[in-house]
Amino acid sequence: MSSVNLGMPGTRVAYGSGNLYEETPFPEHARSELENKQMRANIGHATHTIRTKRGRVVGELPDWQDLRDAGSAIKKEVGARLPELLEQFEANVTARGGVVHWARDAAEANGIITDLVRAKGVDEVIKVKSMATQEIGMNEHLEAQGITAHETDLAELIVQLAEDKPSHILVPAIHKNRDEIREIFSRRMPGAGAELTNEPAVLAEAARSYLREKFLDTTVAISGANFGIAETGTLTVVESEGNGRMCLTLPKTLITVMGIEKLLPRFADLEVFTQLLPRSSTGERMNPYTSMWTGVTEDDGPEEFHVILLDNGRSAVLGDPDGRSALHCIRCSACLNVCPVYEHAGGHAYGSTYPGPIGAILSPQLTGVAAEQNNSLPYASSLCGRCYEVCPVKIDIPSILVHLRDEDIRTKHGQRDDQASAQRATVLEARAAEAEASGAPVEPAEHPADFKKKRVPSEMDLLMKAAGTVMSSGTRMGLAERALPVGRGALKPFGGLKWLPGMVGGWTQERDIPVPPSQSFRNWWQKNGANAEQRVERDLGQTHLPQADGAPGPTPSLAAGIEEHAAWGAEAQAVYHLRAQRPDPEGQDTKSSEVNSTGEEPA
Amino acid sequence: MSQTDAKATILARIGHALRDEPAAPEVPRNYRRTSSLNHDDVVEMLEDRLTDYKANVYRETTETLPGRLRELLGDASTVVPDGVPDTWLPEGIEPVRDVNDSGSVLSARELDALGAVVTASTVSCAETGTIFLNSRPDEGRRALSLVPDHHVCVVPLDTVVELIPEAFERINHADPITMISGPSATSDIELERVEGVHGPRRLDVVLLG
């Protein structure tokens with residue numbers, strides 16, 4: 001049981017557990033990932049290629065925005081009607097011979113899966129790529145129980161054989177190149193010989209032969225689901241390689257793990273999402289294969305079908321009116337492909353199963369933003385807004401990021417004491433339950449009751465407080481500005497400020513601060529503002545403002561004053577541009593990563 | 001704790017989460033739901049999209065169909081669902097029916113030993129180049145069009161529509177559905193597209209009419 005009572009009768013908020021956490025804070029992890037040149041080059045290539053394709057196929061549809069509007073409204077409807085839709089879905093799956101299970105968290109879902117697999121007396125299962133099973137750490141859990149789960153998606157197979165982690169929702173092995181994959185296959189894949197070349201077609205053929213035997217022999221398969229239809233009980237899996245069709249069709253038993261938010265009310269809603277998903281995801285008009293099935297069909301496919309409805313923090317996300325639309329996500333990964341932060345940091349830096357912009361809003365909400373491991377994620381964004389523009393269901397990711405930053409600040413300031421300690425408590429309880437279920441030693445963790453909010457003011461708090469004091473008073477601001485010439489005298493011999501102490505030092509890591517002007521604009525205006533009108537009249541005649549179309553500009557006497565101040569900003573800009581154009585150590589021009597303001601590359 | 005508890009707990013959590021009683025919006029469906037193209041253009045669009053996916057596309061009539069199938073199938077052992085009319089099949093080709101010596105349907109291994117499959121189809125969407133199989137007797141169960149490495153799919157021209165919503169109207173959701181848009185493919189290695197992984201590596205589409 002991983003929920004806590006918040007004091008109101010019947011009020012329970014329960015956060016998720018499993019692979020949803022940062023192992024190290026985003027900034028630290030991102031710094032080390034930035035050193036991985038292979039990964040950065042591969043991710044850069046992948047994200048640019050896919051987003052160009054996406055732009056092309058999205059541009060083909062005259063009604064793309066209408067489809068987005070419909071998709072967004074349907075998902076909103078799902079959230080509002082979730083209890084009745086879940087009941088309806090359960091009734092329809094059951095009526096068609098399927099079995100519906102409910103899992104409050106990762107540990108419970110893993111427990112159900114383990115019991116079902118054991119009941120079949122097997123120790124090997126095949127599985128379709130699925131974010132939900134990744135989220136609950138199913139493979140690791142089954143491994144600890146002596147059950148091997150074979151990944152059948154090519155990229156997931158590469159990641160599994162390499163004992164690595166996925167780095168992208170859609171192309172999880174994109175951080176590996178063909179030589180690395182050849183090496184992994186020849187070392188770890190039974191039957192793959194030394195004659196294996198690094199040709200993608202040859203490597204895919206090797207995977208085909210290896211997995212064909214698994215498909216023909218394995219009697220239990222596990223899948224996720226892209227959509228579940230409440231009015232019919234139909235489930236949908238979208239894929240490319242045919243491994244999904246194999247897993248959904250050939251084994252005798254099929255177990256599907258589906259997040260509760262994946263429901264759609266009506267079968268006809270698929271006409272919207274089968275258009276939105278492939279174009280946003282792979283940039284194809286349609287993915288090669290989509291499978292749909294309802295319960296059990298005689299003489300066609302599995303004889304036994306189970307679906308596990310997974311909460312694991314989703315109900316908690318639903319409880320925040322300002323953040324709940326994160327549950328609309330259909331896992332297309334379009335937001336990853338346009339994100340400048342993801343492009344450079346890569347998928348591993350986010351820690352959680354869900355990387356990129358959507359991960360930065362989904363992971364902290366699933367675990368509760370007070371879970372310290374995830375409280376750096378809402379800051380992993382420049383708020384440029386491209387993710388919102390490409391999102392097929394119009395999730396306003398930037399606004400939710402800002403909202404979560406606010407939640408985080410209030411947590412740190414002790415303004416959300418009850419919720420914060422409640423969040424910590426559920427997370428710790430869930431982890432203990434998970435550890436117990438998997439038989440792993442329970443990590444020594446602080447007792448929920450020992451969790452104390454942080455009351456010590458941070459460096460940022462002190463800086464903001466000081467700035468507030470100075471700026472709220474004209475006198476104090478004036479005094480502060482009088483100190484400018486002193487600072488200027490100290491800096492001028494060095495040509496600018498190259499280093500600042502403490503947390504503001506982060507600023508000077510990337511840029512120098514030019515020498516400030518000899519006096520503040522306020523001081524200058526005080527001395528010269530009174531006679532400015534006269535000067536303008538003297539310099540320009542009756543013309544009060546210089547005209548754009550070739551009329552005379554201000555004479556040097558007025559211009560000099562303005563220019564000195566403008567120059568400070570211009571110099572700062574020049575430094576910025578110089579750095580932006582400087583080739584980075586990989587020899588790639590960083591400017592090449594720029595796209596136009598819509599985040600789309602020209603078709 | 002029991003499953004009843006889990007369900008009750010989750011529904012209670014959701015109930016609590018929705019205590020602000022958000023309204024379910026009216027879903028705006030202003031996207032295209034009926035085609036404005038003439039049928040010849042729609043068929044041409046389907047051909048173009050399928051070719052783009054690296055499927056091979058042929059146009060035949062009921063008279064020329066058997067000859068085309070003979071050429072496409074060669075001497076491959078070919079499984080044919082029971083509902084496929086005999087008139088489609090070339091003389092001299094003895095199709096494998098989906099039943100083995102013991103009277104049950106072919107096992108996955110038996111299917112794996114076969115070279116090709118011929119099926120019909122329910123509806124095809126031109127705009128996305130997608131063929132829908134809906135487990136009807138002339139399409140067979142799902143494994144038939146999956147395990148053999150070569151799929152010949154017959155698409156009658158009157159089943160071709162332009163838009164996805166038009167296609168979904170012709171689908172029966174109670175039976176299993178497979179949407180096929182070209183042969184199986186992967187772009188998992190350095191984003192280089194490889195046609196043909198686990199599903200049939202060769203997809204021949206015969207437009208019939």
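Let me start with one pair: Arg187(A) and Glu183(A) form a salt bridge, with 2.8 Å between the closest N and O atoms. By salt bridge I mean a side-chain nitrogen of Lys or Arg within 4 Å of a carboxyl oxygen of Asp or Glu. Both residues sit in helix 9 (residues 178-188) of chain A, four residues apart, so about one helical turn separates them. Helices here are DSSP runs of H or I with at least four residues, strands are runs of E with at least two, and both are numbered from the N terminus. Arg187(A) is exposed at 53% relative accessible area, and Glu183(A) is partly exposed at 34%. The cut-offs are under 20% for buried, over 50% for exposed and partly exposed in between, with a 1.4 Å probe and protein chains only.

Some housekeeping. This is a predicted model, in which local features need pLDDT of at least 70 and side-chain atom pairs count only at pLDDT 80 or more, while totals for chains, interfaces and linings use all residues. Residues are numbered from 1 along each chain as its sequence is written, chains are lettered from A and ligands numbered from 1 in the order in which they are written, and side-chain values use heavy atoms, without hydrogens and water.

Over all chains, the search finds 51 salt bridges. One of them joins Glu124(A) to Lys214(A), at 3.6 Å from N to O. Glu124(A) belongs to strand 4 (residues 124-127) and Lys214(A) to helix 10 (residues 200-217), both of chain A, so this pair ties together parts 90 residues apart in sequence. Glu124(A) is partly exposed at 32%; Lys214(A), at 18%, counts as buried.

Now to a pair across chains. Which residue does Arg29(B) meet in a salt bridge? The partner is Asp269(A), at 2.6 Å from N to O. Arg29(B) is in the loop between helix 1 (3-17) and helix 2 (39-52) of chain B, and Asp269(A) is in the loop between strand 10 (263-264) and helix 12 (270-281) of chain A, so the pair joins two chains. Arg29(B) is partly exposed at 23%, whereas Asp269(A) is buried at 0%. Both belong to one network of salt bridges with shared partners, along with Glu77(A), Arg81(A), Glu84(A) and Arg266(A).

Last, Glu162(B), in the loop between strand 8 (160-161) and helix 5 (164-168) of chain B. Glu162(B) is buried, at 7% relative accessible area.
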